[in-house]
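Student: Hi! I'm new to this one. Could you walk me through it?

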Amino acid sequence: MKKPLKFTLVSCLLALLFVLAACSNSNATKETDNKSAESTNSSGRDIPEMKFKLAHITSTDHMWHKAAEKFNEELKARSDGKMELEIYPASQLGTEADMVQQVEAGSIDFAFITAAYLSARTPEMSAWFAPYTFKNLQEASDASHTDIAREILGKIEGTGLKGLDYLFAGQRTMVFKSKEVKKASDLEGLKMRVTPSPPLQMFYKEAGAAPEGLPLPEVYSALQTGVIDGMDIDLDATITNKYSEVAKYVAVTNHMVWPSIVVTNERMLDGLSEEAQKIINDSLQAAIAYAVETRSGQEEEFKKELASQGMTVYELGADVFKEQIEAFDAEYSAKSDLIKQFIKEFRK
Ligand code: BEZ
């Protein structure tokens, strides 16, 4: 007997709903199974046995790599060895853009992404590059714990991308291949490498330089071959990348601070027990504090090291860049109330 059309349609709909329910259930079961496997451990603690992937762009002797190692040590110690990191330094897993995509897809669990790179997708991040706002790393680190810094962190855009915290490297300096720049107008016409980032580009343009957005791995050869005349960089990377082989001058300007954002995949984190999340957070906090403390004590040592490699090392203060600071504040305060508030609160 021929079934009525209405009956057939209802049957098909029910079958479809059943298949969908089965699929979503199988995900839930997987999570539940994982969770119970995570929970069943001899200490009775709700900690998963997990190896997380962490990626970053710096070499293994940069502070960010040391912070990653400290994060790993703390994770292992606090989880009775159940949680650990597999660390991929030096852009082994690709550029910052690649790493962000992989964190979003869940194939990398944590990454250190420069706030400079993120400022192109999350304009509020530009607040951190207001020139000469912080005297030292400790001041910037203190600022990172305030409500306004947390609000900026929460603005990171990306599917499933979550900013956990700020991790600082040394402040920014300027390295020149062959010209000793002593005043802002000496920058006129110089091709200056910057991390591709709108606020950095704006600052150098304002001084009459021609900023070139170049990622870190391309800088050495660009300087060597004269594609650039100088660069915006930290002392750490100047040492670890051996720029003294291809450049003569270091102006210790400390004109900007240099945070990275520790990002994670929100789904991965939310899928963990509260206890496991707390271990991750506490371990990360220990690594961040270690980096600020260690790096703060290395300023003089790094300047001496570069001088001993034959570079001329000299200081340039905020008075040299007065006009550029004013221009930056005016332009970026007009872009966002959050940036305006940030500058007002922290510029002393
Ligand atoms: C840079 O692009 O200049 C940079 C990135 C990460 C750490 C240090 C420097």
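Student: In what order do the five strands of the open sheet come?
Tutor: The order is 2-1-3-10-4, and the pairing is mixed. Strands here are DSSP E runs of at least two residues and helices are H or I runs of at least four, numbered from the N terminus; two strands pair if DSSP finds at least two bridges between them. This is a predicted model, where local features need pLDDT of at least 70, side-chain atom pairs count only at pLDDT 80 or more, and totals for chains, interfaces and linings use all residues. Residues are numbered from 1 along each chain as its sequence is written, and side-chain values use heavy atoms, leaving out hydrogens and water.

Student: Which strands stand at the edges?
Tutor: Strand 2 (83-88) and strand 4 (161-169); each has a single partner strand, so one side of each is left without a neighbour in the sheet.

Student: And how do strand 1 and strand 2 pair, parallel or antiparallel?
Tutor: Parallel, over six bridges, with strand 1 covering residues 50-55. A55 sits opposite Y88 of strand 2.

Student: What does helix 3 lie across?
Tutor: Helix 3 (residues 96-105) lies across strands 1, 3, 4 and 10, at about 145° to strand 3. Such angles run from 0 to 180 degrees between N-to-C directions, with axes fitted to C-alpha atoms, for helices over the stretch in contact.

Student: New topic: is R295 buried or exposed?
Tutor: Buried, at 1% relative accessible area; the cut-offs are under 20% for buried, over 50% for exposed and partly exposed in between, using a 1.4 Å probe and protein chains only. R295 is in helix 11 (residues 274-296).

Student: What does R295 contact?
Tutor: Beyond its neighbours within four places in sequence, R295 contacts (heavy atoms within 4.5 Å) M63, L137, G170, L235, D236 and F302.
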